[in-house]
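Subject: Structure handover

Hello,

The structure I mentioned is below, and my notes on it follow. Please read them with the coordinates open.

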Amino acid sequence: MKRENFTLITDFVFQGFSSFCEQQITLFGVFLALYILTLAGNIIIVTIIRIDHHLHTPMYFFLSMLSTSETVYTLIFLPRMLSSLVGMSQPISLAGCATQMFFFVTFGITNCFLLTAMGYDRYVAICNPLRYMVIMNKKLRIQLVLGACNIGLIVAITQVTSVFSLPMQRKNLTEVTEFVFLGFSRFHKHQITLFVVFLILYILTVAGNAIIMTIIRIDHHLHTPMYFFLSMLASSETVYTLVIIPQMLSSLIAQTQPISLAGCTTQMFFFVILAINNCFLLTVMGYDRYVAICNPLRYMLIMSKRVCVQLVCGAFSIGLAMAAVQVTSIFTLPFCHRVVGHFFCDILLVMKLSCINTTINEVINFVVSLFVILVPMGLVFISYVLIIPTVLKIASAEGRKKTFATCASHLTVVIVHYGCASIAYLKPKSENSIEQDLLLSVT
């Protein structure tokens, strides 16, 4: 541990071209001319493509998107740069700097991926000209553009959050390099009993998931979308428990070992990825049940192998993006305390160990929690709202019973998973208690 002194910073001043003092007027004239040419050029490109119907092709669509993005990209910083060259430079506030950086990163990365999409467009046009308009249809073009924007947005959120969650005022703070878990130390007399109970449950969980994956793998009759998603959920759940439970079990029978900052970061990262992945996999399984029950004749056509893989990859990608945002925002904080009131590095409890105000981090965590809990839960709810009337129309009681049975286990897991997650991460801060957090996490 070490102590350092830091100074409060409330705004920034740009050095800019101050080292070229004698050439600033010349630079201003050159950069202004280039800026006007760039701006005018992009506006002309977008306008011509818009009004000329012969240019309503994929190639020119991507070009207009790139021109629009490039226009906004230059508007973010060039006017301020030009004003600084003629002696009108003003300090920029923290909020202003964060906003500028956010849009700069978003559009900078969007441009990179738009250029990639344009490269793919040229590949299809040259190597597969007969199917060009079929492959590069309107839906795919929009998906590629939105994908580029989303990547830029996600990376910008991650980077800007990591930079501006750094404290701007720290005085005599003790830097913590490792954490110790409080775990079940409050239940000292029952630790052996808890160890046995949790070990049995853990073995049953791992064995159950391993059996599910093995049977689905070897039985070709189970190579259907429903069982594919079930095997993915079982795989995710197995790794999810491996991230946390072994360390928890070891702490129940031996003295708790400290965990380094890097170890805690890694554990939280995989915990968040897999937890959110599970949320969206349960949503995908709800959609699968909806298609199977409400549209059975087109089930295998809609839930093709490609769609199934895309849905699973989408669930994992959302988990990865959200984990990057949350973990980055937390581990750029300074920590003054080292005792975590839990048996693993949970987001809220690690955040409590910070030396500074964590309001921004709490807002980020709450928004992410709202998104990854309420959105999947709402989609599952909609699926079952549409499923129930269809099931009730089935003539035979046996048919209705069999159909409901295929949904019962999924619905049970959804209620337990989303219920515990909602209570743990969406409840008011004043209602937090260590005992309750432990119980919810174990459940």
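The cover over the buried residues of helix α1 includes α2 (58-85). Those buried residues of α1 are Q24, L27, Y35, N42 and I49. Helix α1 itself runs over residues 24-51, 28 residues in total, and its first and last C-alpha atoms are 40 Å apart, close to the 40 Å expected at 1.5 Å a residue. Note that this is a predicted model, and every value here is computed from it.

Overall picture

The protein chain has 443 residues, of which 38% are buried. Its secondary structure comes to 14 helices and seven strands. Among contacts between residues at least 6 apart in sequence, 78% join residues at least 24 apart. The accessible surface is about 24700 Å², and carbon and sulfur atoms account for 70% of that.

Helix α10

Helix α10 covers residues 305-330. The buried residues of α10 are C308, V312, A315, G319, A321, M322, A323, V325, Q326, V327, S329 and I330. What lies over them includes α5 (138-164), α7 (225-253), α8 (261-294), α11 (347-351) and α12 (359-392).

Nonpolar side chains in soluble globular proteins tend to be buried together. Here the largest nonpolar core has 67 residues, and F179, M268, I330, F331, F335 and V350 have the most contacts inside it. Two or more residues each are given to this core by β5 (178-181), α6 (191-218), α7, α8, α10, α11, α12 and α13 (397-426). Helix α8 supplies the largest share, 17 residues. Another core lies apart from this one; it has twelve residues, including F62, L66, L114 and V145.

What does V350 touch, not counting residues up to four places away in sequence? The list is C264, M268, I330, F331, F335 and C345.

C264 is in helix α8. C264 counts as buried, at 0% relative accessibility. Not counting residues up to four places away in sequence, C264 touches F179, I259, F331, C345 and V350. C264 and V327 are 63 residues apart in sequence, while their C-alpha atoms are 10.0 Å apart in space.

N277 is also found in helix α8. Its relative accessibility is 6%, so N277 counts as buried. With neighbours within four places in sequence left aside, N277 is in contact with S236, V312, A315 and F316.

Is D288 buried or exposed? D288 is buried, because its relative accessible area is 1% and the cut-off for buried is under 20%. The side chain of D288 makes a polar contact with the side chain of R289, at 3.0 Å. Residues up to four places away in sequence not being counted, D288 touches P225, M226, F229, Y299 and M303.

Q191

Q191 lies in helix α6. Q191 counts as buried, with 14% relative accessibility. The C-alpha atoms of Q191 and S251 are separated by 9.3 Å, although the two residues are 60 apart along the chain.

Aromatic pairs

The count of aromatic pairs comes to twelve. In the pair F103 and F107, the ring centres are 6.4 Å apart and the planes are at 20°, so the pair is stacked. Both residues are in helix α3 (residues 94-127), four residues apart, and are therefore separated by about one helical turn. An α-helix has 3.6 residues a turn, so residues three or four places apart point the same way. F103 is partly exposed, with a relative accessible area of 37%. F102, F103 and F107 form one aromatic cluster.

Regards

Technical notes
Residues numbered from 1 in each chain as written. Predicted model: local features only at pLDDT ≥ 70, side-chain atom pairs only at ≥ 80, totals over all residues. Heavy atoms only, no water. Buried < 20%, exposed > 50% of the residue type's maximum accessible area, 1.4 Å probe, protein only. Contact = heavy atoms within 4.5 Å. Core = buried A, V, L, I, M, F, W, Y, C linked by side-chain atoms within 4.5 Å. Areas by Shrake-Rupley, 256 points an atom, 1.4 Å probe, with all protein chains shown as cover. Polar contact = N/O pair within 3.5 Å; in protein donor to acceptor, adjacent residues only side chain to side chain. Phe/Tyr/Trp six-rings, centres within 6.5 Å; stacked < 30°, edge-to-face > 60°. Expected span 1.5 Å × (residues − 1).
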